[in-house]
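Let me put the model up on the screen, and then we'll walk through it together.

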Amino acid sequence: MPPPDEPVSRGERAPHTRTALVVDDDPSARLLLESLLARSGYQVAVAADGLEAVVQFAAHRASMVFMDMHMPRMDGLTFCQRLGTDAR
């Protein structure tokens with residue numbers, strides 16, 4: 001693990017780091033938000049649609065999710081409904 005003052009690359013998890021999940025089918029929007037969050041000290045997981053988000057959320061247990069509501073395969077609202085169902 002890198003020291004706390006060094007950035008953590010995708011896939012690694014620093015101790016006591018909050019994880020954000022960024023979900024958007026627009027690669028530019030994903031990259032912009034991912035960069036801003038990483039510079040603010042967050043570990044960032046990304047997904048291109050709701051189906052990928054389900055997998056990434058399960059893998060990282062993100063403490064926050066930034067999501068486009070209109071995406072192919074599974075939209076943001078369906079993801080949120082599924083997340084609520086899975087939590088029960």
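So, to start: how many of the five residues of β2 are buried? Five of the five, which leaves β2 mostly covered. By buried I mean under 20% relative accessible area, with exposed being over 50% and partly exposed in between, using a 1.4 Å probe and protein chains only. And the strand and helix names are DSSP runs numbered from the N terminus, with helices being H or I of at least four residues and strands E of at least two.

Quick housekeeping before I go on. This is a predicted model, so local features need pLDDT of at least 70 and side-chain atom pairs count only at pLDDT 80 or more, while totals for chains, interfaces and linings use all residues. Residues are numbered from 1 along each chain as its sequence is written, and side-chain values use heavy atoms, with hydrogens and water left out.

Now the overall layout. There are three helices and three strands, and along the sequence they follow the pattern β-α-β-α-β-α. Of the 88 residues in the protein, 35% are buried. The accessible surface is about 5700 Å², and carbon and sulfur atoms hold 56% of that; those areas are Shrake-Rupley with a 1.4 Å probe, and for residues only the protein chains shown count as cover.

Back to β2. In a regular strand, side chains alternate between the two faces of the sheet. Here both faces are covered: Gln43, Ala45 and Ala47 are buried on one side, and Val44 and Val46 are buried on the other. β2 pairs with β1, residues 19–23, in the parallel sense over five bridges, where pairing takes at least two DSSP bridges between the strands.

What is packed inside? The largest nonpolar core has 12 residues, including Leu21, Val23, Ala45, Ala47, Val54, Phe57, Met71, Met74 and Phe79. β1, β2 and α2 are the elements that give two or more residues to this core, and α2 has the largest share, with three. Apart from that core lies another one, of six residues, among them Val22, Leu37, Tyr42 and Val44. For the record, a nonpolar core is a set of buried Ala, Val, Leu, Ile, Met, Phe, Trp, Tyr and Cys residues joined through side-chain atoms within 4.5 Å.

Where does Asp49 sit? Look in the loop between β2 (43–47) and α2 (50–60). Asp49 counts as buried because its relative accessibility is 5%. Beyond the neighbours within four places in sequence, Asp49 is in contact (heavy atoms within 4.5 Å) with Val23, Met71, Pro72, Arg73 and Met74.

The side chain of Asp49 makes a polar contact with the side chain of Arg73, at 2.7 Å. A polar contact is a pair of N or O atoms within 3.5 Å; within protein, one must be able to donate a hydrogen and the other to accept it, and residues adjacent in sequence count only if both atoms are side-chain atoms. A polar atom of the Asp49 side chain also lies 2.9 Å from the backbone nitrogen of Leu51.

Arg73 lies in the loop between β3 and α3 (76–87), and has a positive phi of about 65° although it is not a glycine. Arg61 also has a positive phi, near 45°, and is a residue other than glycine. Arg61 is in the loop between α2 and β3 (64–67).

Last stop: two other aspartates. Asp26, in the loop between β1 and α1, is 23 residues from Asp49 in sequence and 9.5 Å away, C-alpha to C-alpha. Asp68 is 19 residues from Asp49 along the chain, and their C-alpha atoms are separated by 8.4 Å. That's my tour, so over to you for questions.
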